[in-house]
Amino acid sequence: MKNINIKLIVVALLSISFGFAQQTPASKQSKTIAITGATAHIGNGTVIENSLIVFENGKLINVADMSGVKLDLGKMDVIDATGKHVYPGFIVPNSTLGLVEISAVRATDDDAEIGSWNPHIRSLIAYNAESKIVESMRPNGVLLAQVTPRGGRISGTSSIVQLDAWNWEDAAIKVDDGVHMNWPNNFSRGRWWLGEDPTMKVNKNYNAQVTEVENWFNETKAYINGDKSPKHLPYEGTKGLLDGSKTLYIHVDDEKGITDAVNFSKAYQIKSTVIVGGYEAHKVADLLKRNNIPVLLQRVHTRPSQTDDDYDMPFKLAKLLTDKGVVVALETSGQMERMNSRNLPFYAGTTVAHGLSKAQALQLITQNPAKILGIDDNYGTLEIGKSATLFISEGDALDMRTNILTHAFIDGRLISLETHQTELWKRYSKKLESQD
């Protein structure tokens, strides 16, 4: 009897937990759509005040100043967006969206694999398209994400997804785009939970750990040049970095670590390298610019890492790097990273208050991440021939007070902006009315 009661309780809890299911993914675009009168923020620095945006079959076919275009709109679905703003869908890189639902529930946490060398592990196949966290991104305009693994020295392989899908196969727009590596730390802390001194100290094993990374790539080279028998999946996963088919994302923050990582990339002739985190990247900006290495910059809304840093250092890092000509995009990893991903546009807005123009800040979450992730041929800007992945906001999308979406489209499909949270808001906003 006790077992039966326990089962009933579990079923009840699951019913409550999943009572608000994910919105059904939108149907394929069936009719040409025209958006008229909006201020269009193209994503490449251009702004069209009185715009006409037309798309069909998921592709943009017209983006122009409405006053200079004569077009028969009679057979189109017309959205009058006068006084509103149109933006490309925002892109969040280096995210664990869809890989973890509740951190404290082990069964919903699938962002890391055991072991240290996992380049063959594919985050995409663990992506949960029905995550309630994923759907909560869309009302703020975050429509694309790079799903990224965590842990180990080489964490695994990321992929890029759109955030309105039935499953990971439908969601994927670029499969296995790159491999993520955690560069050794120059400094380390003792494990306080084991009674060790938590004070920051020089990592005496740094050189040995870098040598381990070099050995791994040397072994991969030897494997590639050999008979590949038996097949070695981790080396196979690393191979794409050496033949140029994949990007190497190096997660590193300190000045020496970034310098060593860049030199490592050059030594092994890795064609595409990206620095992720990059807290001290501004100190070696010339090196990054010279080697054409972009930066996925750490979460803007955080505290300075060092006691002698400027109090606003995290806020102005994007400005410091942009001024040096480094291609920068914003990422949101760190504490509560999945929930914070929805705040991506407001992180960009903070960089405006610390030196960037609104056009430059918008590029941090549209054109620049699209370039870095290798999807700029289809996403990131509102240009003819590209995907109709965009949204309409009542006001400035970088301001949390005015970023109020009325419509959002992914590949031309009109997607739902309802989420578990909006449903709860509607439910409880009527509570007092029902008690009258």
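Author: A salt bridge here is a side-chain nitrogen of Lys or Arg within 4 Å of a carboxyl oxygen of Asp or Glu, and Arg138, Asp164 and Arg413 are linked in a network of such bridges. The model is predicted, so local features need pLDDT of at least 70 and side-chain atom pairs count only at pLDDT 80 or more, while totals for chains, interfaces and linings use all residues. Residues are numbered from 1 along each chain as its sequence is written, and side-chain values use heavy atoms, with hydrogens and water left out.

Reader: How many salt bridges does the rule give, and what makes glutamate 236 and lysine 239 one of them?

Author: The count comes to 16 salt bridges. The closest N and O atoms of glutamate 236 and lysine 239 are 3.0 Å apart, which is within the limit of 4 Å, and therefore the pair qualifies. Both residues lie in helix α5 (residues 233–243), 3 residues apart, about one turn of the helix; helices are DSSP runs of H or I with at least four residues, strands are runs of E with at least two, and both are numbered from the N terminus.

Reader: What makes lysine 324 and aspartate 286 a salt bridge, and where in the chain do the two residues lie?

Author: Their closest N and O atoms are 3.6 Å apart. Lysine 324 lies in the loop between α8 (313–323) and β17 (328–330) and aspartate 286 in helix α7 (residues 285–290), so the pair ties together parts that are 38 residues apart in sequence. Lysine 324 is partly exposed at 42% relative accessible area, as is aspartate 286 at 46%, because the term covers values between buried (under 20%) and exposed (over 50%), found with a 1.4 Å probe on protein chains only.

Reader: Why are glutamate 418 and lysine 426 joined by a salt bridge under this rule, and how accessible are glutamate 418 and lysine 426?

Author: The closest N and O atoms of glutamate 418 and lysine 426 are 2.2 Å apart. Glutamate 418 counts as partly exposed at 23% relative accessibility, and lysine 426 is partly exposed at 36%.

Reader: Why is isoleucine 114 called exposed?

Author: Isoleucine 114 has a relative accessible area of 71%, so it passes the limit for the exposed class. Isoleucine 114 lies in the loop between β8 (90–95) and α2 (132–135), and its C-alpha atom is separated by 9.4 Å from that of serine 155, 41 residues away along the chain.

Reader: What makes the space in this model a pocket or a cavity?

Author: On a 1 Å grid over the protein atoms alone, a cavity is a set of points where a 1.4 Å probe fits but cannot get out, and a pocket is an open set with protein on both sides within 12 Å along at least five of seven lines, lining residues having an atom within 4 Å of a point. The largest pocket holds about 1200 Å³ of space, and among its 37 lining residues Asn185, Met200, Asp253, Asp254 and Ser305 lie nearest its centre. The strands β11 (172–182), β12 (187–188), β14 (247–252) and β15 (273–277) each supply at least two residues of that lining. The structure holds 1 cavity of 30 Å³ or more, and the largest cavity, with a volume of about 30 Å³, is lined by Pro88, Tyr379, Gly380, Thr381, Leu382, Ser387 and Thr389.

Definitions and conventions
Points joined across faces, edges and corners; volume = space filled by probe spheres on them.
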